[in-house]
Amino acid sequence: MTKVRIFFAAALAASLAPLAATAQSMTPMRGEVRSFTDAFAVRVFPGNPYDQRIRVEVHVYDQDFQPVDAQITPRAFLLAGQASRPVLVVVPFDGATERKVRICTESIPFPGEQTQIRAQICGKFFGHRRF
């Protein structure tokens, strides 16, 4: 009986491994930008490795994960399976000469779906203001 349970557990783990290896993505995950203006811009590419479409939102946070008032184009969109798309993020310096932010891609579950998991992946970006 114990051998059957071990075999079942091994078979289940092997069948779930490909699902765990595939994850929502965003490139680049790090960046350093030099700007001569009051803001710096980053272009990120959220990706959907799944076969079905997902709803995606992009958010910007400071180092303490407090929201940053950044311009994000587009902020929310549907992303087809196996696709990625560019998103432009413009972050103000707010009077500082340097700013560290986290740009996060979040997949939003569709209403009424069985799975209601909200996945988030974040990259770190550093802006330098040059005069």
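In which sense do strand 4 (residues 54-61) and strand 6 pair, and over how many bridges? The two strands pair in the antiparallel sense over four bridges, where pairing requires that DSSP finds at least two bridges between two strands. Strands are DSSP runs of E with at least two residues, numbered from the N terminus, and helices are runs of H or I with at least four residues.

The model is predicted: local features need pLDDT of at least 70 and side-chain atom pairs count only at pLDDT 80 or more, while totals for chains, interfaces and linings use all residues. Residues are numbered from 1 along each chain as its sequence is written, and side-chain values use heavy atoms, with hydrogens and water left out.

- Strand 6 spans residues 76-79, and its side chains alternate between two faces.
- Phe77 and Leu79 point to one face and are buried; buried denotes under 20% relative accessible area, exposed over 50%, and partly exposed in between, with a 1.4 Å probe and protein chains only.

- The bond from Thr73 to Pro74 is cis, with omega near -10 degrees, and Pro74 belongs to the loop between strand 5 (71-73) and strand 6.
- A cis peptide bond also links Thr27 to Pro28, with omega near -15 degrees.
- Pro28 is placed in the loop between strand 1 (25-27) and strand 2 (30-35).

**Positive phi at non-glycine residues**
- Phe65, although not a glycine, has a positive phi of about 60 degrees.
- The loop between strand 4 and strand 5 contains Phe65, which is partly exposed at a relative accessible area of 39%.
- Gln82, likewise not a glycine, has a positive phi of about 60 degrees.
- Gln82 is located in the loop between strand 6 and strand 7 (83-84) and counts as exposed, with 54% relative accessibility.

**Surroundings of His128**
- His128 belongs to strand 10 (residues 119-129).
- With a relative accessible area of 6%, His128 is buried.
- Leaving aside residues up to four places away in sequence, His128 touches Glu32, Val33, Arg34, Ser35, Phe93, Thr97 and Glu98; contact here means heavy atoms within 4.5 Å.
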